[in-house]
Every structure is written in structure tokens, then in C-alpha cells.
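Here is a short tour of one protein chain, from its overall make-up down to a couple of single residues. Have the model open as you read.

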Amino acid sequence: MIEIPRNDSQKSRLGLVLTGGGARAAYQIGVLRAIARMLPPHARNPFPVICGTSAGAINAAGLAMGATHFATGVKRLEAVWSNLHTDQIYRSDLVGVLRNALRFLGSIVSNRMAGKPVSLLDNTPLRQLLACHLPFRGIRRSIHAGALHALGITAWGYASEQSVTFYQASPDVIPWKRTQRVGVPSRIGIQHLVASASIPLIFPAIRVNREYFGDGSMRQFAPLSPALHLGADRLLVIGVNEEKEADCGRIKVVGYPPPAQIAGHVLNSIFVDGLDADLERLQRINQTLDLIPETEVGNISVLRMMDSMVITPSEKIDELAQAYASSLPRVIRYFFHAAGAMGPKGSAMLSYVLFEAPFCQALIDLGYQDTLRRQDEVLAFILGNGSGNNGNN
């Protein structure tokens, strides 16, 4: 019989890091569903520390709320993603889209909109969706029950220019302050999740306490850091971008890139590059410590070995998004077509905003199959019986 290590054990302080990526975050649900299948039916959450950014913040909060029964928490999230429609995330009707677009253009040519939230899309429906499906009081219950040590939600402060991790945790977790990143104790609510998921320009900034915040993936130079500050000593990272090919040949340019292609590259730089760099840095530190004699390691108090495992998509999500582009509402298809997002060159941007059930279900299935293919490795890592070796797909 599989025995899950108790979450209050320092030895078993496994951290889960859920990255940002808009609609791509549905992939994380498939991974979690596979993990739930590997564990006993009524198992508690195997991740004492859960950290999320952008859309990953919503998944992180959902898990934290149902930490006393992991499988149930995953099923709750899967039910939302599997039945998702664009109009539950942002307004997709003609009136709503046009009004928001005109406001956005007006903010560029006139100062009359100064001080008012402006964006390409209106994500008011997202608040209603979160309010209906996420019982935030469950976070405190999970902590009191010992099923959760800490939940961290990261957002970017436009005024302070800091990556701020709002966390709700056990009393022994203390705030931290590093260069351009801080940890602030909070009672996590809808505003933190919406702020963390506010993709710049596409969704409006959200005010939390004294400051306006945007997507937590912006300038997040150390996405693994919050989990470590919150007490994790091992990390399972679920990414939403396939592993880059080592050798990418240069191709001949036919024409000027459409706006959607440029926007796709910008979004990739926000959501992907920081994680890759931080994982590479972690691996270098591990390799350096491995070269130091065991008798001397104890003298290096600021560094420690950090075992990690990374699960990423085995297929190109951009191409998958293009296959499901027709599922978008007609009005959104028209605007995205004008921006070049409906073609191959704009599929990267499309994959971040395609909040439709067929695409999300395809991502869930992909995450589920990717994880089951590594079942023995994943289960051994979760139970603390094996090393992740920074592996990925």
C-alpha cells in the first residue's frame, strides 16, 4: 500500500510550482489528474507547499482549498476547465469587445482615460467564475488540518517594480525580501488570483492594497524562489511549454510578422524564459555542490542541494491551438483573424487566450498521458524514493 509522507514532516516538504500560461494551464490539470490516479483514493494533498503564477495561480489556489482530499480538489478543477468557454474568462460579445477596444484606443490618443483600468479584453467574467467555484475559506481549513503548509500567489507590482508573492501559510513562515522580489503574508482572495493572471495589455491591472498588479510571470527572474522561501526542499514543476529543440535552424523570412506573431513571442518571453533560466541555475548549483567534499558542504550555509522534477508537454501546444481555433466565438475569431492569430504564425498568441472546452480538454488529456508515461518516476519522486535529476519530457 502506498503511504503518503505526512506534510508536517520537514523531510517530506515537497513543493509544487505551477507556472503561468493562460489557457495552456489546462495541461497542469491533466498532470495532477494522473498523479491523483497514482495515489490512494482518499489521499491528502502530497504537496505541502503550493505556488502558482498567472493561470497557474488559479490551479494552485484550487488545490490548496481541497488539500484534505487531493483527488476531489483535482476533480473540481478539472470540471471547470473541461467545461470552460471564452465568455467565462473575458467578454466575447460584439458590444463588450468593441467598447473595450475603443476604450483601449482612446487611452492611447487621449489622457481622459488616465488613471482608469484599460485593456484589450474585459475579464470581469473571470471574477464571477472564481467566486462560483473556489471556496477560499478552504485554504485556512487545509492549513489547520495539516494538509497544507503554505500557498503562494505571485503578481507583479507596476509601481514598486517588484515580484510580490502573497502567501497564506503556517505561522512559522516568515516574510522575505530579495532584489525585486518579496513575500507578503496575506489572506488569499479573488483579487490576488485575478491580479496574478492579468496578462499585460490583454487584461487590466488589479489593485491589491496600495498598488496595481499585473501578471506574476512578468520579470519573474526566480520563479522557483517562492516555494523555497515557503519551506519546500524538493520541487515538482509543471510547465506549459514544450522543451525547446537544441538546434533551431534559421529560416528565410517571407514577409513582415503579423501582430499576433510578435505578441506570441512577447508572451513566450513572459511565461517561459524565466522558468528555463531558473531551472538551469538550480542545476548548476547542484552540480557545484556535488563537486564539493561532503565534509565541506556543511560550511556553505547559503547553498543546498535541491532535487527537482519537471513535467512539460510532449507536443507543441501552438500547433494544438491552431487545430481548435474554430471553437472560439465568432466575434473573437474575427478580431484575432485581423491580428493574424488564426494562422500558423499567430498560433502562439492564440494558445494563451483559447479558453474553450475542446482545446482545454485536449491539453488535459495530453498532460494526463505525459505523466502516466513516467508513472514510476513521478510516483517515486513524490514519495521521496527517487531523484528527479531535473528531468523533463
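## The chain as a whole

In the protein chain, 76% of the contacts with a separation of 6 or more are between residues 24 or more positions apart; contact here means heavy atoms within 4.5 Å. The protein chain has 393 residues, and 55% of them count as buried, that is, under 20% relative accessible area, with over 50% called exposed and anything in between partly exposed (1.4 Å probe, protein chains only). You'll find 16 helices and 10 strands, taken from DSSP runs (H or I of at least four residues for helices, E of at least two for strands) and numbered from the N terminus.

A bit of housekeeping: this is a predicted model, where local features need pLDDT of at least 70 and side-chain atom pairs count only at pLDDT 80 or more, while totals for chains, interfaces and linings use all residues. Residues are numbered from 1 along each chain as its sequence is written, and side-chain values use heavy atoms, leaving out hydrogens and water.

## α3 and its two partners

Helix α1 (residues 26-38) and helix α3 (residues 70-82) have axes that come within 10 Å and cross at roughly 150°. Those axes are lines fitted to C-alpha atoms over the stretch in contact, with angles from 0 to 180 degrees between N-to-C directions. The pair is therefore roughly antiparallel (over 145 degrees; under 35 is roughly parallel, 65 to 115 roughly perpendicular, and the rest oblique). On the α1 side you'll see A26, I29, L32, R33, I35 and A36, meeting F70, A71, V74, L77, E78 and W81 of α3. These split into 10 nonpolar, no polar and 2 charged residues, where Ala, Val, Leu, Ile, Met, Phe, Trp, Tyr, Cys and Pro count as nonpolar, Asp, Glu, Lys and Arg as charged, and the others, Gly among them, as polar.

Helix α15 (residues 357-372) also meets α3, with axes within 8 Å and a crossing of roughly 140°. α3 and α15 are therefore oblique to each other. E78, W81 and S82 of α3 touch A357, C360, Q361 and I364 of α15.

## Two buried residues

I139 sits in helix α6 (residues 137-144) and counts as buried because its relative accessibility is 0%. Leaving aside residues up to four places away in sequence, I139 touches A64, M65, L148, L151, Q168 and I188.

N241 lies in the loop between β9 (234-238) and α9 (259-271). N241 is buried too, at 16% relative accessible area.
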